[in-house]
Amino acid sequence: MYDNSCIFCKIAQKKAPASTIYEDDDVMAFLDINPLTRGHTLIIPKKHYKDIFDTPPELLAKIHKTTQQTATAVQKATNADGISIFQQNGAAAGQEIFHIHVHVVPRHEGQKLGRFGNTHANRQELDQTAAEIKRQLTQ
Ligand code: 5GP
Ligand code: ZN
């Protein structure tokens, strides 16, 4: 169920910090530590599945339902003009953390995306943004 060497399993078990937006028994949404833009959020299942190929379809449906709810709140909180959704499978596709996750990335008119991992947000900034998104989730 959990992989002890996996950072997202540690986050799911509260053994590593995260700026969390939403969680229930199955899934969790939290901010990416290297945001492509402010409000960049990740949605994961709590159980360890590597990628789209080994995730049970019912869980995948739940992940994407949570992605839709999260994207709606992220859009409102960041006033984004658009939202990009990414989900990378395999190193060749750019996957670096081998615990399936969906990226929700706010986009603004005329703003180009940087490269993954090129930015770093501190915990205070992330917690502040998470609180703003959470407020929209409950409305
Ligand atoms: P991938 O390239 O596998 O699709 O994306 C992995 C993402 O996980 C990257 O955007 C990276 O910034 C993010 N990430 C890596 N380590 C951590 C961490 O410890 N905490 C959080 N919140 N995000 C992480
Ligand atoms: Zn994991």
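Modeller: A disulfide is a pair of cysteine sulfur atoms within 2.5 Å. This is a predicted model, and the structure holds zero disulfides.

Colleague: What makes C6 and C9 count as buried or exposed?

Modeller: Buried means under 20% relative accessible area. C6 has a relative accessible area of 6%, so C6 is buried. For C9 the value is 0%, and C9 is therefore buried as well.

Colleague: Why is K14 called exposed?

Modeller: The term exposed requires over 50% relative accessible area. K14 reaches 54% relative accessibility and therefore counts as exposed. This residue is found in the loop between α1 and β1 (20–23).

Colleague: What places N79 in the exposed class, and where is N79 found?

Modeller: With the threshold at over 50%, the 61% relative accessibility of N79 makes it exposed. N79 sits in the loop between α2 and β4 (82–86). Here too phi is positive, at about 55°, although N79 is not a glycine.

Colleague: How do you know that E109 is exposed?

Modeller: The relative accessibility of E109 is 71%, and the cut-off is over 50%, so E109 counts as exposed. The loop between β5 and α3 holds this residue. Between the C-alpha atoms of E109 and Q128, which are 19 residues apart along the chain, the separation is 23 Å.

Colleague: Why is I11 called buried, and which residues are in contact with I11?

Modeller: I11 has a relative accessible area of 7%, and the limit is under 20%, so I11 is buried. The residue lies in helix α1. Contact means heavy atoms within 4.5 Å. Leaving aside neighbours within four places in sequence, I11 is in contact with A16, P17, A18, M28 and F30. L137 stands 126 residues from I11 in sequence, and the two are 21 Å apart in space, C-alpha to C-alpha.

Colleague: What makes a group of residues a nonpolar core, and how many residues has the largest nonpolar core?

Modeller: The residues must be buried and of the listed nonpolar types, joined through side-chain atoms within 4.5 Å. The largest nonpolar core has 19 residues, and those with the most contacts inside it are I21, L31, I43, I63, V104 and I133. At least two residues of this core come from each of β2, α2 (57–78), β5 (102–107) and α3. The greatest contribution is that of α2, with seven residues. Apart from this core lies another, of ten residues, among them F8, C9, M28 and F30. In soluble globular proteins, nonpolar side chains tend to be buried together.

Colleague: Which residues does V104 touch?

Modeller: Not counting residues up to four places away in sequence, V104 touches G39, H40, T41, I43, T67, A71, V74, I83, S84 and I85.

Colleague: What lines the largest pocket, and how many residues of its lining are nonpolar, polar and charged?

Modeller: About 440 Å³ of space lies in the largest pocket. A lining residue has an atom within 4 Å of a pocket point. The largest pocket is lined by 22 residues, of which F8, D32, N34, L42 and I97 lie nearest its centre. The lining divides into twelve nonpolar, seven polar and three charged residues.

Colleague: Which element gives the most to that lining?

Modeller: That element is α1, with three residues. Each of α1 (7–12), β2 (27–31) and α3 (123–137) supplies at least two residues of the lining.

Conventions. Residues numbered from 1 in each chain as written. Chains lettered and ligands numbered in written order. Predicted model: local features only at pLDDT ≥ 70, side-chain atom pairs only at ≥ 80, totals over all residues. Heavy atoms only, no water. 1 Å grid on protein atoms, 1.4 Å probe; cavity = no way out; pocket = protein on both sides within 12 Å on 5 of 7 lines; lining within 4 Å. Points joined across faces, edges and corners; volume = space filled by probe spheres on them. Helix = DSSP H or I, 4+ residues; strand = E, 2+ residues; numbered from the N terminus. Nonpolar A, V, L, I, M, F, W, Y, C, P; charged D, E, K, R; others polar. Buried < 20%, exposed > 50% of the residue type's maximum accessible area, 1.4 Å probe, protein only.
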